[in-house]
Amino acid sequence: DILTDEEESKRRKEEFENSSKLLMEALDVEDVLANLLVTEGFSTVEDVTTITIDDISGIEGLDESLIQELRTRAQFYLSEQENQKDQKIKELKLENEIMKLEGMTKAIAIELGMNEIKTLENLADLSTVELLELVSKDLVSQELAQNLIMEARAKISQEN
């Protein structure tokens with residue numbers, strides 16, 4: 001897609017605001033600190049877990065103890081997110097074999113489960129187009145969708 005300068009500027013501003021908002025909520029920090037982190041290139045919670053003292057040298061207001069606290073908060077947040085995904089997978093009663101498929105993520109599995117795709121058989125019966133309609137576009141590519149379906153079919157064939 002070709003964007004005008006105005007559209008690109010709007011897109012970047014929205015991206016900046018979304019990243020800042022996420023960091024504010026995930027790390028329980030004020031907007032000034034979240035904005036500073038995003039400005040310095042740390043726009044995701046995962047990014048914050050990797051901040052080093054070298055990354056922040058020369059940035060006024062950031063010191064080693066603050067960075068350690070931010071990393072700890074980021075790691076805790078990510079751990080809580082994983083726990084919530086694990087709990088959701090259990091609630092959806094997904095077949096364990098689905099999680100063993102190469103390329104399957106918890107996020108993809110949850111979206112499938114929420115759409116009543118809970119077994120290898122359910123997944124194997126889908127077409128690529130159907131799978132792509134059930135799962136968010138940012139989670140699965142056409143190639144991954146095809147691979148997941150084909151691997152599910154192969155596992156079913158091996159069992160029979």
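Mentor: A helix here is a DSSP run of H or I, at least four residues long, numbered from the N terminus. Helix H1 covers residues 5-27 and includes Ser 19. Keep in mind that the model is predicted.

Start with the pairs. The whole structure holds nine salt bridges. In one of them, Glu 8 and Arg 12 meet through their side chains at 3.0 Å, N to O. Both sit in helix H1, four residues apart, about one turn of the helix. Arg 12 is exposed, at 54% relative accessibility. By contrast, Ser 19 of helix H1 is buried, because its relative accessibility is 13%. Beyond its neighbours within four places in sequence, Ser 19 touches Val 38 and Ser 43.

Helix H5 spans residues 64-92, and there Glu 69 and Arg 73 lie four residues apart, so about one helical turn separates them. Their salt bridge is 2.8 Å, N to O. Glu 69 is partly exposed at 36%, and Arg 73 is partly exposed at 30%.

Next, Lys 100 and Glu 97 form a salt bridge of 3.1 Å, N to O. Lys 100 is exposed at 53%, while Glu 97 is partly exposed at 25%. Shared partners also link salt bridges into one network of Glu 8, Arg 11, Arg 12 and Glu 15.

Glu 121, Asp 125, Glu 130, Glu 133 and Glu 159 form a negative patch on the surface. Its member Glu 130 belongs to helix H9, residues 128-134. Glu 130 is partly exposed, because its relative accessible area is 37%.

Methods: Residues numbered from 1 in each chain as written. Predicted model: local features only at pLDDT ≥ 70, side-chain atom pairs only at ≥ 80, totals over all residues. Heavy atoms only, no water. Patch = residues over 30% accessible without salt bridge, like charges linked within 9 Å, V, L, I, M, F, W, Y side chains within 5 Å. Areas by Shrake-Rupley, 256 points an atom, 1.4 Å probe, with all protein chains shown as cover. Salt bridge = Lys/Arg side-chain N within 4 Å of Asp/Glu carboxyl O. Lys, Arg positive; Asp, Glu negative; His and termini not counted. Charge placed at Lys NZ, Arg CZ, Asp CG, Glu CD. Helix = DSSP H or I, 4+ residues; strand = E, 2+ residues; numbered from the N terminus. Buried < 20%, exposed > 50% of the residue type's maximum accessible area, 1.4 Å probe, protein only. Contact = heavy atoms within 4.5 Å.
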